[in-house]
Amino acid sequence: MLLSISTTHSPATDLGYLLHKHPDKVQRFDLSFGPAYVFYPEAQVGRSTAVLLLDIDPVKLVRKQSPGAGFALQPYVNDRPYVASSFLSTAIAQVYGSALNGRCKERPELVDRPLPLQAVVTAVAVHGSHGFWQRLFEPLGYTVTAKRHPLDTHFPTWGDSRYLTITLENHVRLRELLTHLYVLLPVLDDDKHYWVGEDEVTKLLQKGEGWLAAHPEREQITTRYLKHRRHLTRAALAQLAEEDNPDPDTAVAEQDAAELKAEEHMGLHQQRLTAVVATLKASGAQRVLDLGCGEGKLIRLLLKEKQFSHILGMDVSYRSLETAAERLRLDNLPTPQRERVTLHHGSLIYRDKRLAGYDAAAVVEVIEHLDPPRLAAFARVLFAFARPSMVIITTPNREYNALWPSLPAGHFRHRDHRFEWSRAEFRAWAEEVAEEYGYTVHMAPIGPVDEAVGAPSQMGIFSRE
Ligand code: SAH
């Protein structure tokens, strides 16, 4: 079982400091399940690679096991010594513990610096639907490639095995890479070599801080990490929900129910959607993203316009996507219509390759649902990575709330809103983002304009320079 970590950061030999492992020697660590070795097949200024080799001893494993089911030789003849599993996570924690915890005495400034890193894991046993490994790592910004190993090279007709070599590339901090591997490799493997109890929930929440709560596969990750122990999984998910957007599904349902009466009365949402469709039409866009598409109201309008050849709707709430699919009657549409729409489950604060190659993106009443510290990641995902020619973002104008007697002073329009911006605040954010990513931005009101407080909703139209 090998885990290689390479960098092309200059000087690449810094990897030795970060991992606390000197590139010039082979080091051995005796772990309870067999020895681990760290060595550097290459340590140049341009590129360095550190390899962690696990030499798991199956006989040691058997001694620790209670006699169980399976065929008589099963404890000796299995894939545990050869695949990345929870043994590798334990080795990462014990051998690369300082790096995993973000400590580097000699080069402390390196710890917080994202570096060009590549990890190769040989081999991974994948339990799960096709592409599960991509769904785990891509939302975290990794480019993932996988090479499947044949069942037996002498008998190609037997086809492929379920073992893969996975390569992950990303510009991240080393401690983040190690943390993602630590949590996600046992998730791919769907097993744990040790008893999973309450403290495993704490460990998961601690290691998952800052990325797990908004990960589109957080449920699968949590369930598998906690070895399918229901009450632990429930406890962990409840805490994750608190950390991020509370259960996004519940939040959406509540939001729909709580939709402000005044907004409804003036048909504001319809006006918003009409304004967005008109702007998209005028731009000449054909391939359009609807990000945070909710139950698909905008998609329905876009489908009516032949100009839009493809529409991708994405939302973090799986339940909303199911409702969207139902309301759009996707299953009953004739094939050419059906093929114009794709619905994706994903989060806007993680880089997602599926969002690249579109002409325009609409983000209607979504940003106010993001925690302010996440806005920078959102802007990067949208403007740096997806990078459509046009982006339309709508959000409430807080100043207008004063005209709604039904809204107590200081309250937001929806319970799930994390903020509501004034016109000046939205403009300041939009101009800063436009400047940073090479767009120009134009602001427009939506709904009736009051002389003093403006319109109830506002729209920023960004065009790539
Ligand atoms: N655009 C839709 C829905 C707006 S409600 C409409 O105008 O009708 C806000 C939507 O943003 C919800 O569906 C919510 O699930 C989604 N959302 C919130 N945070 C998100 C995130 N991080 N990534 C993707 N969607 C998100």
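**Close-up views of single sites**

**View 1.** Apart from residues within four places in sequence, Arg 175 contacts Ala 99, Leu 100, Gly 102, Val 111 and Asp 112, a contact being heavy atoms within 4.5 Å. This is a predicted model, in which local features need pLDDT of at least 70 and side-chain atom pairs count only at pLDDT 80 or more, while totals for chains, interfaces and linings use all residues. Residues are numbered from 1 along each chain as its sequence is written, and side-chain values use heavy atoms, with hydrogens and water left out. Arg 175 belongs to helix α7 (residues 174–189); helices (H or I, at least four residues) and strands (E, at least two) are DSSP runs numbered from the N terminus. The side chains of Arg 175 and Asp 112 make a polar contact of 2.2 Å. A polar contact is a pair of N or O atoms within 3.5 Å; within protein, one must be able to donate a hydrogen and the other to accept it, and residues adjacent in sequence count only if both atoms are side-chain atoms. Arg 175 has a relative accessibility of 26% and so counts as partly exposed; buried means under 20% relative accessible area, exposed over 50%, and partly exposed in between (1.4 Å probe, protein chains only).

**View 2.** Arg 272, in helix α13 (residues 268–283), has two side-chain partners shown here, Glu 365 and Ser 457. The polar contact with the side chain of Glu 365 is 3.0 Å, and the one with the side chain of Ser 457 is 3.0 Å. Arg 272 is classed as buried because its relative accessible area is 1%.

**View 3.** Glu 217 and Arg 135 form a salt bridge through their side chains, at 3.0 Å from N to O. A salt bridge is a side-chain nitrogen of Lys or Arg within 4 Å of a carboxyl oxygen of Asp or Glu. The two residues are 82 apart: Glu 217 is in the loop between α8 (198–207) and α9 (218–225), and Arg 135 is in helix α6 (residues 132–137). Glu 217 is buried at 14% relative accessible area, whereas Arg 135 is partly exposed at 33%. The structure holds 17 salt bridges.

**View 4.** Asp 190 and Arg 224 meet in a salt bridge of 3.8 Å, N to O. Asp 190 lies in the loop between α7 and α8 and Arg 224 in helix α9, so the pair ties together parts 34 residues apart in sequence. Asp 190 is partly exposed at 25% relative accessibility, and Arg 224 is buried, with a relative accessible area of 9%.

**View 5.** Asp 290 is buried and has no salt bridge. The nearest side chain of opposite charge is that of Lys 297, 10 Å away; Lys and Arg count as positive and Asp and Glu as negative, with His and the chain ends not counted. Asp 290 sits in strand β8 (residues 287–291). Beyond residues up to four places away in sequence, Asp 290 touches Leu 298, Ile 299, Leu 312, Gly 313, Met 314 and Ala 362.

**View 6.** Ser 463 is in strand β14 (residues 457–464). Among the residues in contact with Ser 463 are Ser 389, Met 390 and Tyr 439. The C-alpha atoms of Ser 463 and His 442 are separated by 8.4 Å.
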